[in-house]
Structure formats: C-alpha cells, structure tokens
Amino acid sequence: MEVRLPEPGDALTGVEMFAGLEPEVRQRVIAAAVPRTYRKGQLLFVENDPGESLIVLRRGAVAVFRTAPTGERAVLSVIRPPDVLGEVSLLDASTRSASAEAIEDCAALALSRGAFMELVHSNPRILDAVMRSLGGLIRRLTEQNADHVFLDLPGRVAKTLVRLAGESQAPMITIELNQSQLAEMAGGSRQSVNQAIGSFASRGWLRTEGRRIVVTDVAALRRRAGMNDR
Ligand SMILES: Nc1ncnc2c1ncn2[C@@H]1O[C@@H]2COP(=O)(O)O[C@H]2[C@H]1O
C-alpha cells in the first residue's frame, strides 16, 4: 500500500495542482518559478495579453474580470491562496481569457508556459489535477449561467454574499467589499444593487459599515438565493 507522507511546508503547500508531485519534482517547480509581488490595484495581466505564465497565489486576493466596450466591469471570480490562475491560456495556447487585478497586496509565484508544459509532459499525473481544476471552472460557469437565467438581481446579490461569506458559521460575517465591487460581481447596476442591499438591511439580514457589509443572517440570504438550507 502506498503511504503518502504529508508534504513539508514549502511555496507550493496546499496548491491542489501540485499536490502529489514527487519531492524532487516539486523542488524543480519551485526553482523554476519566479516570485512576484503586486500592489493592491495593480493589474497582473489584461484580457488578450499573451498567456505567458501560470500564477500561483501565495498571499492576497485577485479579481478576475472582463471589461465591456463601455468600460463597465464584470467580476467573474475572486481568487485567493492557494489557488492558481492563468491556466486557461497556457492550456489552449491562446491569449488571456480575462483580466486580473490585485484587490489586496499579493505575493505569487509565476511559472512560465515552457516550464509548466514541460512539467505536464514529464509528470502526466499532474493532468488529473489540471482536469479537476478545469472541471471546477466549467461547473462554476454553468452555475453562473443558470443564475443569470433563473435568479433576479437581488437573488444574485444574495448568492454573491453567501459565497463571499464562505464556510463561516459565525453569527456575524464581515465582508470587505463596497457596493460597486458587489455590483460588478453580481452583474447589475450599482443603483439596483444598492436597492437590494437596502431591502436586505431593512429585513435584518445584514448591515453596511462604510466599505464593509456585515452579514447577520446568512440562512435568510441562502433562502433568497434559492440555495438549499444546510
Ligand atoms: N469565469 C471564470 N471564473 C474563474 N476564473 C476564471 C474565469 N474565467 C477565467 N478565469 C481565470 O482567469 C484567467 C485569465 O487568464 P487565462 O485565460 O490564462 O486563465 C484564466 C483563469 O485562470
């Protein structure tokens, strides 16, 4: 029986795509990766840039978004450690499918396309994790599509807040997000998102504190978003 020892703490700890690599391969990946830092507000890359590297996020948070010709942004996802981003353009040898901006100060490792493809070819086991990650992305896109068809805007706002609240069971969950960012994530105008937030606040499901939203009744938001009770 194969006994898998816990991975020692290193720069790839917790990153699902690299879990299960032999220790020496892991060390080669770390040696090939280039450390990068991004200040809050800095762009990591822009839609249609050439896809040159896979980014392993170690600290901070990154918003992945698309920009309409009017300049309006739609946030597709917020990436946090130990997630990776930038895999799509490496795998289809194309350009970046979306833009990415640091929404907190970030530390990351960048693995060049050449190093990543070499790793994939010499360690086909990594393809299991790559496929899981792509499967997860397709599943999220399917859900987002369904939400845009089946949920009204307040429902999408509620669902976005539930997602941001994560697994926390705390009676009050503070989300560091202003209403424009929430509008970009829920896919609506700022004004209609403000109305939804106002109506949730009047029902006692949350309150706003400057740039923060304090969720006080996540179960009610889950119900409003049509999600199953836990
Ligand atoms: N809808 C989405 N949800 C989450 N992440 C995405 C989405 N679309 C693109 N990405 C990520 O954002 C990255 C943009 O650059 P890439 O196309 O190289 O790889 C992409 C994925 O890592």
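**View 1. The area buried between the two domains.** Domain 1 and domain 2 bury about 620 Å² between them, and carbon and sulfur atoms give 48% of that area. Buried area is the accessible area (1.4 Å probe) that two parts lose on being put together, summed over both. On the side of domain 1, V75, E143 and A146 lose the most area to domain 2, together 58% of what that side buries. This is a predicted model: local features need pLDDT of at least 70, side-chain atom pairs count only at pLDDT 80 or more, and totals for chains, interfaces and linings use all residues. Residues are numbered from 1 along each chain as its sequence is written, and side-chain values use heavy atoms, without hydrogens and water.

**View 2. The two domains.** Domain 1 covers 14–146 and domain 2 covers 150–223, with bounds from an automatic or database domain assignment. Their C-alpha centres lie 27 Å apart. Six residues of domain 1 contact six residues of domain 2 (heavy atoms within 4.5 Å).

**View 3. The salt bridge of R163 and E143.** The two side chains meet at 3.6 Å, N to O. A salt bridge needs a side-chain nitrogen of Lys or Arg within 4 Å of a carboxyl oxygen of Asp or Glu. Across the interface of domain 1 and domain 2 there are two salt bridges by this rule.

**View 4. The side of domain 1 that touches domain 2.** β5 (73–79) and α4 (126–150) each supply at least two residues here. Helices (H or I, at least four residues) and strands (E, at least two) are DSSP runs, numbered from the N terminus. The largest share, four residues, comes from β5.
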